[in-house]
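Let's take a friendly walk through this model, from the overall fold down to a few charged side chains. Please keep the viewer open as you read.

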Amino acid sequence: MKYEIPREAFKQRLEERLNFVLVDLAPNETATSNIKDVLPLSYDSRFKEEFSSKYPLKTQNILLYSLKENDNA
């Protein structure tokens, strides 16, 4: 399901971490210590299996990111 929310509502939810999880796709290359409660998860051949086991429900808001320049993840 895809839907959009207003930018301010998103910002408020993100700041309050209302049902949001942040996932760093390049945990070995980037320092996530300055971001609170980030899950490091390598984007490799086991990604889909690990991700599905951690988040089986589709009600969770998940932000995937990589701070590695030119990363295809």
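This is a predicted model: local features need pLDDT of at least 70, side-chain atom pairs count only at pLDDT 80 or more; totals for chains, interfaces and linings use all residues.

Residues are numbered from 1 along each chain as its sequence is written, and side-chain values use heavy atoms, with hydrogens and water left out.

Start with the secondary structure. Two helices and three strands make up the elements of the protein, counted as DSSP runs (H or I, at least four residues, for helices; E, at least two, for strands) and numbered from the N terminus. Of the contacts with a separation of 6 or more, 48% join residues 24 or more positions apart; a contact here means heavy atoms within 4.5 Å.

Next, the surface. The protein exposes about 6100 Å², and 48% of that comes from carbon and sulfur atoms, with areas from the Shrake-Rupley method and a 1.4 Å probe, only the protein chains shown counting as cover for residues. Of its 73 residues, 21% are buried (under 20% relative accessible area; exposed is over 50%, partly exposed in between).

Now zoom in on the charges. The structure holds two salt bridges, each a side-chain nitrogen of Lys or Arg within 4 Å of a carboxyl oxygen of Asp or Glu. R46 pairs with D44, their closest N and O atoms 3.3 Å apart, and R46 also meets E50 at 3.3 Å, N to O. Together, D44, R46 and E50 form a linked network of salt bridges. D44 counts as partly exposed because its relative accessibility is 32%, and E50 counts as partly exposed at 26%.

Conventions:
Buried means under 20% relative accessible area, exposed over 50%, partly exposed in between (1.4 Å probe, protein chains only).
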